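Please keep the viewer open as you read.

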Amino acid sequence: MKKKIIVILCSLFAFILLAFTCPNRNDHKEAIKYIVSCMVNEKLDEAGENDAFAFLGSLFMTKFLEEFLDARLKVNNYILFSVGEVNYKGDTKTVSFGILNHVFTLSKDDLKKNITEEQNKEEYK
């Protein structure tokens, strides 16, 4: 009987912990913006662009990404965790997963691969 109560209390505690630490839409948006801006800055560093145009391009990309995510990011909250999806050209892709107040996103390598695939699709149309 005691074991049953302990298991129920631990389960209830875990459920409440997960429910109260489920990331919201803004958390997903910030995590995605961070990973994309890191990738953009990395690309600018690789290209050796340290002039004003590179800085302006980075600012433009940040503003564009903000608008894009406002319009296209949908976060499904499942109480214990949340999933961020982006709908682009009729295709919905999962881009983030949030649990315990942390949002996991695509890695930089996965993001680069997806961008390259999209560019290749556009070239062959």
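The sections below look at a surface patch, a set of aromatic rings and a loop.

## The model

What you see is a predicted model, so local features are described here where pLDDT is at least 70, and side-chain atom pairs where it is 80 or more.

## A nonpolar patch

Met-1, Ile-5, Leu-9, Leu-12, Phe-15, Ile-16, Phe-20 and Ile-79 together make a nonpolar patch of about 900 Å².

One member to click on is Leu-12, which lies in helix α1, residues 2–20.

## Phenylalanines along helix α3

The structure holds four aromatic pairs. In one of them, the ring centres of Phe-60 and Phe-64 are 6.5 Å apart and the planes meet at 20 degrees, which makes the pair stacked, because planes under 30 degrees apart count that way. Both Phe-60 and Phe-64 belong to helix α3, residues 52–72, where they sit four residues apart, about one turn of the helix. Phe-60 has 59% relative accessibility and therefore counts as exposed, while Phe-64, at 45%, counts as partly exposed.

Phe-64 also forms a stacked aromatic pair with Phe-68, with 6.2 Å from centre to centre and 25 degrees between the planes. Here too the spacing is four residues, about one turn of the helix, and both Phe-64 and Phe-68 lie in helix α3. Phe-68 is partly exposed, since its relative accessible area is 22%.

Which loop holds Leu-100? Leu-100 lies in the loop between β3 (91–99) and β4 (102–105), and Asn-101 is found in the loop between β3 and β4 as well.

For anyone checking backbone torsions, both residues deserve a look. Leu-100 has a positive phi of about 50 degrees although it is not a glycine. Asn-101 is likewise a residue other than glycine with a positive phi, in this case near 65 degrees.

Are these residues buried, partly exposed or exposed? Leu-100 has a relative accessible area of 47% and is partly exposed. Asn-101, with 58%, is exposed, because the exposed class covers values over 50%.

Conventions: Residues are numbered from 1 along each chain as its sequence is written. Side-chain values use heavy atoms; hydrogens and water are left out. Patches are made of residues with over 30% relative accessible area and no salt bridge: like charges are joined within 9 Å, nonpolar side chains (Val, Leu, Ile, Met, Phe, Trp, Tyr) within 5 Å. Accessible areas come from the Shrake-Rupley method with a 1.4 Å probe; for residues, only the protein chains shown count as cover. A salt bridge is a side-chain nitrogen of Lys or Arg within 4 Å of a carboxyl oxygen of Asp or Glu. Helices (H or I, at least four residues) and strands (E, at least two) are DSSP runs, numbered from the N terminus. Rings of Phe, Tyr and Trp (its six-membered ring) pair if their centres lie within 6.5 Å; planes under 30 degrees apart count as stacked, over 60 as edge-to-face and the rest as tilted. Buried means under 20% relative accessible area, exposed over 50%, partly exposed in between (1.4 Å probe, protein chains only).
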